[in-house]
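New notebook page, new structure to look through. I'll jot down what I look up as I go.

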Amino acid sequence: QVQLVESGGGSVQAGGSLRLSCTASGYTASMNYMGWFRQAPGKEREGVATLFTDDGRTYYDDSVKGRFTISQDNAKNTVYLQMNALRPEDTAMYYCAADPWPGGYSGNRRLLPRYAYRYWGQGTQVTVSS
């Protein structure tokens, strides 16, 4: 079993920055990949970023490229989302997700969708005001 705990959400003015954190516990010795999603009221959950732990490659949704950065700590069980130049349209509940070895997604590496992840955090709210 894997538990994901998120933190770092809050309210910020447009143009500001926030850094979200998500720490995994449980069976986390070998994470396959970790990612971030977001969901605004009345909208579907959408992928924001994916990080593959074996090679460190990252993938982003076009809406956040150049503004958001996904990264991990040395233990590779904590993932961060550095969010810069925030816009009101970034307002959403942000969720971290993870998938351990073995199994999981084995197709072409890209920004991964919801079905690729087996474990999810509780979400942290990000609100960006104009």
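How many bridges join strand β3 and strand β8, and in which sense do they pair? I looked it up: β3 (residues 18–26) and β8 (residues 78–83) pair in the antiparallel sense over 6 bridges. One spot I checked is serine 21, which stands opposite tyrosine 80 in β8.

Some ground rules before I go on. This is a predicted model, with local features needing pLDDT of at least 70 and side-chain atom pairs counting only at pLDDT 80 or more, while totals for chains, interfaces and linings use all residues. I count residues from 1 along each chain as its sequence is written, and side-chain values use heavy atoms, with hydrogens and water left out.

Strands (E, at least two residues) and helices (H or I, at least four) are DSSP runs, numbered from the N terminus. Two strands pair if DSSP finds at least two bridges between them.

**Entry: the open sheet.** I traced an open sheet of 4 strands in the order β1-β3-β8-β7, with antiparallel pairing. At its edges I found β1 (2–7) and β7 (68–72), each pairing on one side only. The twist averages 15 degrees from one strand to the next; for such angles, axes are lines fitted to C-alpha atoms (for helices over the stretch in contact), and values run from 0 to 180 degrees between N-to-C directions.

**Entry: the disulfide.** I looked for cysteine sulfur atoms within 2.5 Å of each other, the cut-off for a disulfide, and the count came to 1. Cysteine 22 and cysteine 96 form it, with their sulfur atoms 1.9 Å apart. The pair links distant parts of the chain, 74 residues apart: cysteine 22 sits in strand β3 and cysteine 96 in strand β9 (residues 92–100). Is it left- or right-handed? The torsion about the S-S bond is about 50 degrees, so I noted the disulfide as right-handed.

Next I asked whether its ends are buried (under 20% relative accessible area), exposed (over 50%) or partly exposed in between, using a 1.4 Å probe and protein chains only. Cysteine 22 counts as buried because its relative accessibility is 0%, and cysteine 96 is buried too, at 0%.

**Entry: strand β4.** In β4 (residues 31–39), 8 of the 9 residues are buried, so I put the strand down as largely enclosed by the rest of the structure. β4 pairs with β9 in the antiparallel sense over 8 bridges, and there methionine 34 has alanine 98 as its bridge partner. I also followed β4 to strand β5 (residues 46–52): 6 bridges join them, and they run antiparallel. Arginine 38 is bridged to glutamate 46 in β5. The hairpin of β4 and β5 has 6 residues between the strands, and glycine 42 takes a positive phi near 75 degrees there.
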